[in-house]
Amino acid sequence: MRKFTNAILFLFIFTACNIFAQSAEEQKAWMDYMTPGSVHEMLAQSNGTWIGENTFWMAPGAPPITTTSEASNSMIMGGRYQQGLHVGDMMGMPFEGMSLIGYDNAKKQIQSIWIDNFGTGMMYLTGTWDESSQTVTMTGTSVDPSTGKDVKVREIFSILSPTSQLLEMFMEKDGTEFKTMEIKYTKK
């Protein structure tokens, strides 16, 4: 136990020395990296409860499946990230999902992670915020459970008004992109 305590103490002292040994420029860069900015404020505008009118397409040309859902968004960790909790039903089964969205000040990109009870993997997307169109466009991959391989995903999130938003998702199948989901959000 004493060796473990000494190791932890050494690690703490080593880390503290490295932090304090930074140059003024490195300290400023770190402060800029950790300080929420205008994109974080944009994300915070989506805080609250939203009702979703959902449309899904399981394959190109397939008939749409429609459902409703509810999303509750809140900024966490001092306004650095937005957590979304989503509930509803799909194909007669209860559905729940969680999103975590943030803006990396150093990379200048939005990052998103999505998980839900209809799978065991995580979808990771990155993208940019376009102030002029009030749109976030992100790309990444998700797994195709039937093959176990990654498929390309593109997501467009548009702020239509303070009480109305639109989320569109596209995936590739056999090299062709098709729309898989559209959610029209209305603030509750």
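Me: Which residue is the bridge partner of Thr-126 in β7?

Reply: Two strands pair if DSSP finds at least two bridges between them, and strands themselves are DSSP runs (E, at least two residues), numbered from the N terminus. In this predicted model, Thr-126 has Thr-139 in β7 as its bridge partner. Seven bridges join β6 to β7, and the two strands run antiparallel.

Me: How should I read the numbering and the values?

Reply: Residues are numbered from 1 along each chain as its sequence is written, and side-chain values use heavy atoms, leaving out hydrogens and water. As the model is predicted, local features need pLDDT of at least 70 and side-chain atom pairs count only at pLDDT 80 or more, while totals for chains, interfaces and linings use all residues.

Me: How many residues lie between β6 and β7 in their hairpin?

Reply: Four residues lie between β6 and β7. Gln-134, in the turn, has a positive phi of about 55°.

Me: Is Lys-108 buried or exposed?

Reply: Buried means under 20% relative accessible area, exposed over 50%, and partly exposed in between (1.4 Å probe, protein chains only). Lys-108 counts as exposed because its relative accessibility is 54%. Gln-134, with a relative accessible area of 23%, is partly exposed.

Me: What joins β5 to β6?

Reply: Five bridges join these antiparallel strands, β5 and β6. Ile-110 stands opposite Gly-127 in β6. The strands β5 and β6 form a hairpin, with six residues between them.

Me: How many helices and strands does the protein have?

Reply: Helices are DSSP runs of H or I with at least four residues. The protein has three helices and 10 strands, and from the N terminus on the order of its elements is α-α-α-β-β-β-β-β-β-β-β-β-β.

Me: What percentage of the 188 residues counts as buried?

Reply: Of the 188 residues, 31% count as buried. Accessible areas come from the Shrake-Rupley method with a 1.4 Å probe; for residues, only the protein chains shown count as cover. The protein exposes about 12000 Å², of which carbon and sulfur atoms supply 62%.
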